[in-house]
Amino acid sequence: MANLADEYGTDVEIYVKALTTTIHADTPTGASDQLHDLLEHLGLERHEYPADTPIYIWHTVPEHLDADEQKRLATRAIPVLLLAGYEVNCTPEVFDESAYRQAVQDLRTRAGRPAVRQQAPIGSASPAAPARRTP
């Protein structure tokens, strides 16, 4: 089985598998569980061969989605992967410019929101530490 991530030295290679319409996301041999988990979190399906002790792991976009939604899902994953520090390559026949721009905008919007801080209710200040006495 060809592994394009190994071949090109990237963390993720997104492409349409030859002679099919299936969008694949190859990861290098020995890729971290964190990368595989992130791809699953982003909506891609994990496949392993052989199943008992996998030597080869790859991901695909769910085939129940229509062709345009498959491309959008794969493309929306790219900014998240890049932000996580992974090197990603995507072939032009999969890449959807508007989905990419929207995903980047969504990430910026989420990053721009201030974190919610837990504040103690007014009037419930913590008791002062007792003064130290010297003998």
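The expected span of a helix is 1.5 Å times one less than its number of residues. In this predicted model, helix 3 has 17 residues and should therefore span 24 Å; its end C-alpha atoms lie 26 Å apart, which agrees. Helix 3 lies across strand 1, strand 2 and strand 5, which belong to an open sheet of five strands.

**The sheet**

- The five strands are arranged in the order 3-4-2-1-5, and their pairing is mixed.
- Strand 3 (45-49) and strand 5 (88-90) form the edges, each pairing on one side only.
- On average, neighbouring strands of this sheet are turned by 25° against each other, direction ignored.

**Strand 1 and its two partners**

- Strand 1 covers residues 12-16 and runs parallel to strand 5, to which three bridges join it.
- With strand 2, strand 1 pairs in the antiparallel sense over four bridges.
- Four of the five residues of strand 1 are buried, so the strand is mostly covered, buried being under 20% relative accessible area.

**Helix 3: placement and burial**

- Helix 3 spans residues 67-83 and runs at about 155° to strand 5.
- Its buried residues are Gln70, Leu73, Ala74, Thr75, Ala77, Ile78, Pro79 and Leu81.
- An α-helix has 3.6 residues a turn, so residues three or four places apart point the same way.
- The cover over the buried residues of helix 3 includes strand 1, strand 2 and strand 5.
- Helix 2 (33-41) and helix 4 (97-112) are also among the elements covering the buried residues of helix 3.

- At the N-terminal end, Asp66 caps helix 3, with a side-chain oxygen 3.0 Å from the backbone nitrogen of Asp68.
- Gly85 follows helix 3 and has a positive phi, near 95°.

Definitions and conventions
Residues are numbered from 1 along each chain as its sequence is written. This is a predicted model: local features need pLDDT of at least 70, side-chain atom pairs count only at pLDDT 80 or more; totals for chains, interfaces and linings use all residues. Side-chain values use heavy atoms; hydrogens and water are left out. Two strands pair if DSSP finds at least two bridges between them. Helices (H or I, at least four residues) and strands (E, at least two) are DSSP runs, numbered from the N terminus. Axes are lines fitted to C-alpha atoms, for helices over the stretch in contact, and angles run from 0 to 180 degrees between N-to-C directions. Contact means heavy atoms within 4.5 Å. Buried means under 20% relative accessible area, exposed over 50%, partly exposed in between (1.4 Å probe, protein chains only). A polar contact is a pair of N or O atoms within 3.5 Å; within protein, one must be able to donate a hydrogen and the other to accept it, and residues adjacent in sequence count only if both atoms are side-chain atoms.
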